[in-house]
Amino acid sequence: MTTSDLRLAARDLACIRGGRLVFEGLSFEVGAGHALVLTGPNGAGKSSLLRQIAGLLEVEQGEVALTGGDPECGIAEQSHYVGHLDGLKPMMSVIETLRFWRAFLGAGDAASPDAALQAMALAPLADLPVAYLSAGQKRRLSLARLAVAPRPLWLLDEPSVALDAASVARLRDFMAAHLAGGGIIVAATHLDLGLQGAAELRLTREMAS
Amino acid sequence: MSLTAAQKFHAYANPARFMALSDRLLAPLWALTLLTLGAGLWFALFNSPPDYQQGETVRIMYVHVPSAWLAMLGYSVMALASAVALIFRHPLADVAAKSAAPIGAAFTFLALATGSLWGKPMWGTWWEWDARMTSVLVLFFLYLGYMALWATIEDPLRAARAAAVLALAGAINIPVIRYSVVWWNTLHQPASVFRMDGPTIAPAMLLPLGLMAAGFTLLFFTLHLVRMRAEIMRRRVRNLRLARADEGEA
Amino acid sequence: MRRAFLALVARDIRLAAGIGGGGGMAVFFFLTVVAIVPLGVGPDRPVLELLAPGMLWVGLLLASLLTLDRMFQADVEDGSFDLLSMGPLPLELVAVAKSLAHWVVTGLPLVIAAPVLGILLNLPPETMPWLMLAMLVGTPALSFIGAVGAALTVGVRRGGLLASLLVLPFYVPVLIFGVGAVEAAAVGFEGQAARQALLFLGAITLAAIAIGPLGAAAALRAILR
């Protein structure tokens, strides 16, 4: 899926939201098969940083680059992003949702929607409308989306929210498999996600001042 | 999310008896409906005289008048069921109200369309903004609005409450339609059957008209029963699927 | 990329047709608005015949405005827009897909409903084909121009109202040439005047398809990033 010289690098990054400097002078590097865990208090800019990497938020200063991937595509197109909003449509069924994202994102050699449901233990719910799902089931469905289209970089914002212990274990295996395949994960979390050998980047509110 | 005992009663208990009963009723009802409609159509098309003024086009009346009658009956059924649903919270009432709407709307549309077809040779125009036709058109919009409201709210219990209020508010329109003929009497045919001084319609036309009206009414209630059964089954499917979403957690 | 485009169009059409999607709402609104006008101006048939083309087009414009604000807003609110904007489709093509879906679920049904309303307004039957043709040619412009307004008001509370205010002036040429085609046909100028108005309408639609998505994408980038 990816070459081993895949590398995500940020240099001297700054973020201003609503006139407030959230962070500045942020630099890090993550290589293929490695994870970076973002920690820190609320408002420290974990979500903003993830959105900046995903190209969903403007980078005011500094730069982010993903090297060693597909030179034709930008970071956004090589990333999966899981944010606070699940991006699910209540009236679409579980399997329809995954089929849509597979068709939209371009499947490549990724898992089939059915296999992705299996991995997230959602297979028995495949034909149910999303409206009937619980919060945890919805979260698992938005994680299953990551399996139906190959993306070397995963940007996860609190991926374990609303998940029970069994589901967190499934998420851990899921992420470990991605790293073993040479992918990169940047995750913001309060919980220990149990990622082997993950580097930690601690954002503090004082960084700005 | 689990159902309370009361909700379970509402979801299953009473409708179960209704399903058993309606299952037995359906076949004889269909037979009676087809028989009456068949006889009515035979009289209307082959065994009744053409009108001395309107000629053969008068036969449109045998569809038009019963349709218009059912347009109003449908709304009355809907409003009555809505009132029962609001006041007594009977679990079948909102099913009955919801199921009546599309059938009533279809008959309303039929009344408007046949009226339009009748109007062309009679008045030389497809549509005339006279009071009765206008109020039937408004009735059609009331039906559409009611159905749109049901279609917008996913949870049947919540949708039922809102729709019932709407149906009752709209019920004010029914008497307006009924008596608008007396209030304004423009180009449209004067009401011939329900006039104060007794019917002026030829007896040879009264029989087919009566048969068609009876046949249409039977058809309405048969279809209503079919739709109510379908709606109950749809809700069962929904409950089962919701329950499955719960089990999926295990 | 074509697959992604078609998947998005199909998804939007399906969402609009489902529960709470509001797909049939525009047609219903169109019927009601146009049908209520004679109650205001009176049932005089020559008067209605005179007003019919204008009333039909104004009703059509209002009905297509009604559903405009959900074009991007729904996806922005639930987070799917983030994911759509990260996919292989450039935002411009996302806007094309969404405008196209909007036209299929609102514009097209309105065109089909128009002759029924024409009957109610005593429009001469000979002009019906011209009415439908003009609306078929003109309605895509409404969706593609509307996309810009929908994009500009993303994230605004009561965005629907604002979008209508922004977009209506841009609908003026469509209204003028749309009514022009029908009126010219009504007085028996099918040959020159009606055809000319139709050509103008076609030109406006083509321009809207070319420019609208660029504007919508630019607006979305400016507002959301």
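## Contacts of C:Asp82

In this predicted model, C:Asp82 touches A:Arg51, A:Leu56 and A:Tyr81, leaving aside neighbours within four places in sequence. The residue sits in helix 5 of chain C, which covers residues 80–86.

Is C:Asp82 buried or exposed? Its relative accessible area is 16%. Buried means under 20%, so C:Asp82 is buried.

## Nonpolar cores

In soluble globular proteins, nonpolar side chains tend to be buried together. The largest nonpolar core here holds 121 residues. Which members touch the most other members? They are A:Leu49, A:Ile53, C:Phe30, C:Trp57 and C:Phe72. A second core is separate and has 46 residues, including B:Leu26, B:Val58, B:Phe216 and B:Leu218.

A:Ile53 has its own set of contacts beyond four places in sequence. These are A:Leu8, A:Phe28, A:Val64, A:Ile75, A:Leu153, A:Leu155 and A:Val186.

## Interface of chains B and A

Chain B and chain A bury about 890 Å² between them. Carbon and sulfur atoms account for 43% of that area. Chain B contributes eight residues to the contact, and chain A contributes 11 residues.

How many salt bridges cross the interface of chain B and chain A? The rule finds one. The side chains of A:Asp127 and B:Arg244 form a salt bridge, at 2.7 Å from N to O.

Technical notes. Residues numbered from 1 in each chain as written. Chains lettered and ligands numbered in written order. Predicted model: local features only at pLDDT ≥ 70, side-chain atom pairs only at ≥ 80, totals over all residues. Heavy atoms only, no water. Helix = DSSP H or I, 4+ residues; strand = E, 2+ residues; numbered from the N terminus. Buried < 20%, exposed > 50% of the residue type's maximum accessible area, 1.4 Å probe, protein only. Contact = heavy atoms within 4.5 Å. Core = buried A, V, L, I, M, F, W, Y, C linked by side-chain atoms within 4.5 Å. Buried area = accessible area lost by both parts, 1.4 Å probe. Salt bridge = Lys/Arg side-chain N within 4 Å of Asp/Glu carboxyl O.
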